[in-house]
Structure formats: C-alpha cells, structure tokens
Amino acid sequence: MATLLSKSNLFSWPARRATSFRRAYSSINCNTPYNICFVRHGQSTWNRDNRFIGWTDTPLTEDGVLEARVAGQMLQSSGMLFDEAHTSLLRRCIRSTNLILMEMGQEYIPVNKHWRLNERNYGDLVGLNKKEVVKEFGTDQVKRWRRSFDEPPPPMSEDHDHHPKFDPRYRLMLEDIPRSESLKCTKARSKLYWNDVIAPSLRSGKTLLIVGHENNLRSLIMRLEGISPENIIDLNLPRAIPLAYRLDKDLKPLPRTDGKLDEATGMLRGTWLGGDDAVQEILERDHKQVYDTSIDQNLEKGADQDKWRRWTEMAIGEPEDESFEAHSRSHIHRKMNKNNTDALEKERVKGTT
C-alpha cells in the first residue's frame, strides 16, 4: 500500500490517466481524452429587462429555468458525461449548473465555484437599460463597451447601489473587486483559473462542464481559439446552448468533422449542440434587443408560442457535428415533445383566463 500511495505515484497518476484512459460511454470521448463544454446561463431577470448586469446577483426567470433544463437535455441527448463542473459565484450560473446536471442525472459530480469566473464588471453601466444607453451614447460606443477587448465602461462609483462590496460573499476580497472591467481585464483573471484549475483537470483526462457568463466565456474561448483582440468584438454567445470542444494534447481545439468553422459566428471550431441555425437566430434577436432603437418592444418578453417550438427544435434537432450523435435520442424526443406540449397548453389556458 505504501508503494501505491507514494508521492511519485500520486503526481504521475493524472499524466498516466490522460495517456491511457479512454471512455466507452460518451461519443465525444471517442477520439481524444481532452474534452470541454461551455454553456452560458439561462435568462435572468435583468436579461429579460435588457439591463447591464455585471456582478449583480440576479436570479433566473421561469424562462431561464426552462432554457437551462433544455440545455441539460441537449447534453444528455449528445451522450456526454462530465467529471466535474465549474461556474461563478452568481446564482444565475449556479442554478443553471444544477438544472443542467439534474436533467443529465449527473448531480453527483463536483461543482467548483469561483469569483474569477464571474461576469465582467460593467462599472457605472450596471443597472441601466441597454437600449436607453445606446440612444444616449450611440451604437458604436456601446458596442465597444460591451464587446471590444480593451475599452472598459466608466468605473462604478463607490456608492453605487449595486456595488459588489455590499455583497457578503466578497467580504474577504474587497481589495480585489474591480470598479469596471474590459474583456482584457476579465481575460487576465480567467487566465489564472484556467492555468491553475481547468487546464490541469483537462490534462488528467477529465471532461469538464463550464457554466458561465457571456464575457467570461468569451475570454476563455478567445484564449482557446486564439482569436485576436481586433476580431473578438464580433464574438457573441447565446444563452443556454452548449458549445462542445474536443482538444488535442496541447489543449488546442481539434477540427470539426466537417473541417469548417461554425456558421453561427464564423469563428469557432466547437460544435453548437443546438445547431448553428438556432444559434444564429438567437444572436440576431439579441442584437436587435440591444442596438435596434426602432424597435420599442422588449424581445425577451411575451407569451410567444413559437418560442416553445424553437426551444423544442433546438433540443431535438440534429447536431451539426455527427460525432455528437445521441445514444438515446428517440427517448429524449418523446420527453421533450410531451414537456413542450404541456407547456403550450398551460400558456393557452393562461391566455383565456
């Protein structure tokens, strides 16, 4: 026993596991032991209200719960299984993680939470309506604040109603709370978590689920894909659509089986489990929600029955990458169709009362 548990054996186990271990139970693991999947959280109350969120701890809406559950069913349908999950300290991500794992029947895996995976701090913009800010400052300026690499929004005042220093979860790190962050700042802190936690887990052969926020995920994907600071302004990510990657031994993305970049963004070698078309549709909607000032309607609200149908189609549609073929697709289809039929009926009854 002493020999088996020697220090040298303990330190060499991850390397041996990565080189010799191959799973038989998940289609994504067939060609490489290095796998990671990114999922943005479901809709929160401030996503619905079109407000800048940052570190504010907004909860999921009912639609956000459904989005997270559908993401979990997509992942279950894909055949993926995870060894551990990583997320932020914010409940919209934490609850999305729990809902995804519940749908997959994987509540047993470790879930690691860290502030370095928090959303970027939007500074003095936090709490403001995005479209109203566009009307005041213009599309170009707001796009630079939201999506550029190194231009942070105006810093948050110390007496801001939503300053993170008033949140007890940060009471031991008050000096580390940023007043405002660019993507460059966010990438610097997420880099530490990648190097110290994510990369060692991947190299040991573990399959990881990262449930995060749009800008923190953008910072991780920017690093993974080698996207330049000039081009990162064009990368947007939808809520609750899993983006799965197979990596080589150097943790660089392997090509998709079609040898192309995704059609939704034109920048990624990962696979959208909801399909490129569905992702593109969501991104177009999100762009109008923020920048199209000719639209007064809040596109995140309303009992649009087509919304349920689109979610169903995303959950059961054929994956873009054939290597993610589901092991139990027909069972999941029947479950999703029943769930969404029930939901449609509830909406119909609500509309008549």
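Predicted model: local features only at pLDDT ≥ 70, side-chain atom pairs only at ≥ 80, totals over all residues.
Is Ala240 buried or exposed at 5% relative accessibility?

1. Ala240 is buried, because its relative accessibility is 5% and the cut-off for burial is under 20%. The residue belongs to the loop that runs between helix α8 (214-225) and strand β5 (243-247).

2. The backbone of Ala240 deserves a remark. Although Ala240 is not a glycine, its phi is positive, at about 60°. Most residues other than glycine have a negative phi.

3. Leu251 also calls for comment on its backbone. Its phi is near 60°, a positive value, and the residue is not a glycine. Leu251 sits in the loop between β5 and β6 (271-272). With a relative accessibility of 5%, Leu251 counts as buried.

4. Arg189 is placed in helix α7, which comprises residues 183-203. Is this arginine, Arg189, buried or exposed at 5% relative accessibility? Arg189 counts as buried, because 5% falls under the 20% limit.

5. The surroundings of Arg189 can be listed by residue. Leaving aside residues up to four places away in sequence, Arg189 touches Trp55, Glu181 and Asn216, and also Trp115, Arg116, Leu117, Asn118, Glu119, Arg120 and Asn121.

Note on methods:
Residues numbered from 1 in each chain as written. Heavy atoms only, no water. Helix = DSSP H or I, 4+ residues; strand = E, 2+ residues; numbered from the N terminus. Buried < 20%, exposed > 50% of the residue type's maximum accessible area, 1.4 Å probe, protein only. Contact = heavy atoms within 4.5 Å.
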